Amino acid sequence: MGLDMIRHMIPSYANDMNLVAVCDSNESQFETIVGAHPEARCFTDYRELLNEVDVDLVYIAVPPAMHYEVALSAISKNMHVFCEKPLANSLAEAKHLLEMAAEREIVHAVHFSFPLEPAVLMLRKLMAEQCVGQVTGMELILEFPQWPRPWQQNRWVSTRQEGGFILEVGIHWIQMIQQVFGSITHVQSAVTFPAGTGSCENEVAALLTLDNHVSIRVSGTVNGGSQERVSLIVHGTEGTIALENWEQLLLNGANVELPDEIMQASASRLPILNNVIQLLNGRQGFVYDFYDGYNAQVILEALRYPSEAGAVDVRLQHISRPQ
């Protein structure tokens, strides 16, 4: 994600920002970066970068287990932070980062873009119009032929500590659901791990309950099949609407055409980086901040680490954004 940001996003904002430094434990990455940004200083230790370079905004794209220490270091220096998801690697870490960022009054954003994609904006519109009547239940399906996926090979994404499809993929859908359908108040989860290894989950079955008492059944597997399927199906008294594989919206089995106004609304709010820049310049911008990151982390951790007592009431763990 860091390389993607440098190659594709930063050039789009050449008049608004300068890349002054990069940090990576793999020095071979620097050759590509410096070729396009010769002015950027290169570091293999983020602490040296933060101590030696005058930085306004820190973009954090390290593995999840390191989000906390890097973000905390930047926040302690009053640097603005744009962090990849999830916000942290535990609920306690996420809460501390939120408290620190709010106290310092810095711009703090998490790279959640899914709720602003055209298909999700259209889903939100159709749900507001009660396109399927009263919602009676939902299904979240996370099916992967293999994990990690072929394009996603690294040292951490398959580990139990900071990898797995619940963390990497599920977090997007958790956050989107809470934006479109309301807070998740109860979580009951069962997770299966490969025996005798430190590898991440290969199966999850869960029941999430929204604040309006609608239930979401979650089923996730690494099944050796031929195709990935990541989808949310919403059942109502007058039909069914499904968001299939991130971007295909089906109403009662038929494709939903995305109107121009939805496409324009999406373009006006994406990418998130543009909104971060707007906020840094004292202008109006929209981001999902550490409050959103923390409240998604509440559900993520309840899913990943099930309670033996059954369903967990997470309402008291949510933190509301000050008015």
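The structure is a predicted model, in which local features need pLDDT of at least 70 and side-chain atom pairs count only at pLDDT 80 or more, while totals for chains, interfaces and linings use all residues. Residues are numbered from 1 along each chain as its sequence is written, and side-chain values use heavy atoms, with hydrogens and water left out. Helices (H or I, at least four residues) and strands (E, at least two) are DSSP runs, numbered from the N terminus.

**Helices α4 and α5**

- Two packed helices are described by the angle between their axes and the distance between the axes.
- The axes of α4 (residues 67-76) and α5 (residues 91-104) come within 10 Å and cross at roughly 15 degrees; axes are lines fitted to C-alpha atoms, for helices over the stretch in contact, and angles run from 0 to 180 degrees between N-to-C directions.
- Helices α4 and α5 are therefore roughly parallel to each other, a class that takes angles under 35 degrees, with over 145 counted as roughly antiparallel, 65 to 115 as roughly perpendicular and the rest as oblique.
- On the α4 side, the contact (heavy atoms within 4.5 Å) is made by Tyr68, Ala71, Leu72, Ile75 and Ser76; α5 contributes Glu93, His96, Leu97, Met100, Ala101 and Arg104.
- The residues of this contact of α4 with α5 comprise 7 nonpolar, 2 polar and 2 charged, where Ala, Val, Leu, Ile, Met, Phe, Trp, Tyr, Cys and Pro count as nonpolar, Asp, Glu, Lys and Arg as charged, and the others, Gly among them, as polar.

**His67**

- His67 is found in helix α4 and counts as buried at 1% relative accessibility; buried means under 20% relative accessible area, exposed over 50%, and partly exposed in between (1.4 Å probe, protein chains only).
- A polar atom of the His67 side chain lies 2.7 Å from the backbone oxygen of Pro86, and the His67 side chain reaches the backbone oxygen of Leu87 at 3.5 Å.
- Apart from neighbours within four places in sequence, the contacts of His67 include Ile60, Val62, Cys83 and Glu84.

**Ala205**

- Ala205 lies in strand β8 (residues 203-210) and, at 43% relative accessibility, counts as partly exposed.
- Not counting residues up to four places away in sequence, Ala205 touches Gln188, Ser189, Ala190 and Val218.

**Helix α9**

- Ile272, Leu273, Asn275, Val276 and Ile277 are buried in helix α9 (residues 272-280).
- The cover over these buried residues of α9 includes α1 (2-9), β3 (57-60), β4 (80-83), β5 (108-110) and α8 (260-269).

Definitions and conventions
Polar contact = N/O pair within 3.5 Å; in protein donor to acceptor, adjacent residues only side chain to side chain.
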